[in-house]
Amino acid sequence: MSEKLPAGVQRREFDGSERLATRGEPVYGEPTDGEWRAWNPNRSKLGAMLELGMETGLAGSETVLYLGAASGTTVSHVADFAGPTYAVEFAARPVRDLLETAESRDRLFPLLKDARKPETYAHVVESDVDVIVQDVATRGQARVALENRRFLADDGRLLLAVKARSEDVTREPSAVFEDVRSELEEGYEVLEEKELETYHEDHFGVVAEKVK
Ligand code: SAM
């Protein structure tokens, strides 16, 4: 597979198998090799998207708005290779861990905020963010992406993980995904989509570009 990994992300060997890795303090008990820490795609939708060869367009050093940061499993890897990384999470408990994760990462800015209310963090987050990474796993995932589109630079990208069952547990995941996708098209052009099944059941990964 020809790979376009962001600068600061490498494939390295851990315990005899090749894994994606970034350089930073370990966060979730992941294997390390010197400064490098393995990025577990089973615990990270963005990690899965990279493992599956999706063209995220990430080059490294981008400004990132991360929605649904939880305790920082994925956003810690992002902050290892990206530029300023704003991490929005509305549950207080994981934000406590996220704050700890940010202690060794001076480009990671945790925000205890609701991603459905971007006006509450508009005074903190830059208005020309290069990438939105979203993994909120709640109903209304397309709406969250659309509401936060205001922060994206004109050529900005959305890297979205859609959890179909969060929208409707009773419907076929692919049908739910079709609805999410068509709502997204109100403000984004979808460039690539892939089932993340190998790593995350009933999840879809989407790479999209802001429509001007
Ligand atoms: N992205 C995380 C990772 O890979 O490390 C895991 C995220 S988890 C699947 C989804 C998170 O989104 C939860 O921590 C949840 O509290 C958060 N979330 C859901 N809706 C949200 C909202 N409206 N605003 C902010 N966070 C939200």
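Which residues touch the most other members of the largest nonpolar core? In this predicted model, in which local features need pLDDT of at least 70, side-chain atom pairs count only at pLDDT 80 or more, and totals for chains, interfaces and linings use all residues, they are Leu-65, Tyr-121, Leu-184 and Tyr-188, out of 29 residues in that core. Residues are numbered from 1 along each chain as its sequence is written, and side-chain values use heavy atoms, with hydrogens and water left out.

A nonpolar core is here a set of buried Ala, Val, Leu, Ile, Met, Phe, Trp, Tyr and Cys residues joined through side-chain atoms within 4.5 Å, where buried means under 20% relative accessible area, exposed means over 50%, and partly exposed lies in between (1.4 Å probe, protein chains only).

Leaving aside neighbours within four places in sequence, Tyr-188 is in contact (heavy atoms within 4.5 Å) with Ile-132, Ala-145, Leu-146, Arg-149, Leu-152, Leu-158, Ala-208, Glu-209, Lys-210 and Val-211. One of these residues, Lys-210, lies in strand S11 (residues 203-210) and counts as buried, at 12% relative accessibility. Its own contacts, not counting residues up to four places away in sequence, are Arg-149, Leu-152, Ala-153, Asp-154, Gly-156, Gly-187 and Tyr-188. The side chain of Lys-210 reaches the backbone oxygen of Leu-152 at 2.7 Å, which is a polar contact, that is, a pair of N or O atoms within 3.5 Å (within protein, one must be able to donate a hydrogen and the other to accept it, and residues adjacent in sequence count only if both atoms are side-chain atoms). The C-alpha atoms of Lys-210 and Arg-150 are separated by 9.5 Å, although these residues are 60 residues apart along the chain.

Asn-148 has its place in the loop between H4 and S9 and counts as buried, at 0% relative accessibility. Its side chain reaches the backbone oxygen of Val-144 at 2.9 Å, and, leaving aside neighbours within four places in sequence, Asn-148 is in contact with Leu-65, Leu-67, Ala-115, Pro-118, Tyr-121 and Ile-132.

Ala-115 leads on to the ligand, since of the 19 residues around the ligand, Tyr-66, Gly-68, Thr-74, Glu-89 and Ala-115 come nearest; a residue is near a molecule if one of its heavy atoms lies within 4 Å of it. A backbone N or O atom of Gly-68 lies 2.8 Å from a nitrogen atom of the ligand, a polar side-chain atom of Asp-114 lies 2.8 Å from a ligand nitrogen atom, and an N or O atom in the side chain of Asp-135 is 2.8 Å from a nitrogen atom of the ligand. The protein covers 86% of the 600 Å² of accessible area that the ligand has on its own, areas that come from the Shrake-Rupley method with a 1.4 Å probe; for residues, only the protein chains shown count as cover.

Charged pairs form another part of the picture. Side chains of opposite charge can pair when their charged atoms come close. The structure holds 17 salt bridges, each a side-chain nitrogen of Lys or Arg within 4 Å of a carboxyl oxygen of Asp or Glu. One of them joins the side chains of Asp-97 and Arg-93 (3.4 Å, N to O); because these residues are four residues apart in helix H3 (residues 92-103), they are separated by about one helical turn. Arg-181, which is partly exposed with a relative accessible area of 21%, meets Glu-185 in a salt bridge (2.5 Å, N to O) and forms another with Glu-193, the closest N and O atoms being 2.5 Å apart. Arg-181 lies in helix H6 (residues 173-184) and Glu-193 in strand S10 (residues 188-195), so this pair ties together parts that are 12 residues apart in sequence. Salt bridges that share partners also join Glu-30, Arg-37, Asp-80 and Arg-105 into one network.

Definitions and conventions: Helices (H or I, at least four residues) and strands (E, at least two) are DSSP runs, numbered from the N terminus.
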